[in-house]
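Please look at the sequence and the structure before reading on.

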Amino acid sequence: AIRKKRVAQSDRRVEATTAMLQGIKFTKLNHYEEKFLNRVMEARKAEMKLLRRELAVFGVTMFLTVTSPVIGGALTLGTYVLLDEKNTLTASTSFTVLFLFAALRFPINYAGKLMGKAAQ
């Protein structure tokens, strides 16, 4: 949704620039340079605002994609230890959980990338 709005804004900016360049003689003779410059810069400002928003969503998605397996593993091990006093964290338990999260890393990362694509 953000990308569609940004592309539409980019199109407006390009149309304004094209109109100015096609009518450059008219623009120069009537001293319309400032008007066209303001029009193009306003369109560019709106486009940059949408681009920043799009990149912020992409950045958050990539951050979650990279950190989700680590956070998931830490939360799982922490929950295991805190649920019952009899649950002690041994090497076999730790390595089993870490191995399972390593195996799940691709699906978890792919889910994050899928969310990023959906946001765009």
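## Surface and burial

The accessible surface of the protein is about 9100 Å², and carbon and sulfur atoms account for 68% of that area. The model behind this value is a predicted one. Of the 120 residues in the protein, 21% count as buried. To count as buried, a residue must have under 20% relative accessible area.

## Fold and overall form

The protein contains four helices and zero strands. Along the principal axes, the C-alpha trace spans about 85 × 20 × 20 Å.

Which residues supply the contacts in the protein with a separation of 6 or more? Residues 24 or more positions apart account for 70% of them.

## Charged side chains

The protein carries 19 positive and 9 negative side chains. The centres of these two sets lie 4 Å apart. Side chains of opposite charge can pair when their charged atoms come close. In this structure there are five salt bridges.

## Salt bridges at Glu54

One of the salt bridges joins Glu54 to Arg3, with 2.9 Å between the closest N and O atoms. This pair links distant parts of the chain, since Glu54 belongs to helix H3 (residues 33-83) and Arg3 to helix H1 (residues 2-22), 51 residues apart. Is Glu54 buried or exposed? Glu54 counts as buried because its relative accessibility is 7%. Arg3, at 35% relative accessibility, counts as partly exposed.

Glu54 also meets Arg6 in a salt bridge, at 2.5 Å from N to O. Here too the pair links distant parts of the chain: Arg6 lies in helix H1 and Glu54 in helix H3, 48 residues apart. Arg6 and Glu54 are both buried.

## Salt bridge at Glu47

A salt bridge also forms between Glu47 and Arg13, whose closest N and O atoms are 2.5 Å apart. Glu47 is in helix H3 and Arg13 in helix H1, so the pair links distant parts of the chain, 34 residues apart. With 6% relative accessibility, Glu47 counts as buried, whereas Arg13, with 21%, counts as partly exposed.

Which residues do salt bridges with shared partners join into one network? The network consists of Arg3, Arg6 and Glu54.

Notes: Residues are numbered from 1 along each chain as its sequence is written. This is a predicted model: local features need pLDDT of at least 70, side-chain atom pairs count only at pLDDT 80 or more; totals for chains, interfaces and linings use all residues. Side-chain values use heavy atoms; hydrogens and water are left out. Helices (H or I, at least four residues) and strands (E, at least two) are DSSP runs, numbered from the N terminus. Buried means under 20% relative accessible area, exposed over 50%, partly exposed in between (1.4 Å probe, protein chains only). Contact means heavy atoms within 4.5 Å. Accessible areas come from the Shrake-Rupley method with a 1.4 Å probe; for residues, only the protein chains shown count as cover. Lys and Arg count as positive and Asp and Glu as negative; His and the chain ends are not counted. The place of a charge is taken as NZ of Lys, CZ of Arg, CG of Asp or CD of Glu. A salt bridge is a side-chain nitrogen of Lys or Arg within 4 Å of a carboxyl oxygen of Asp or Glu.
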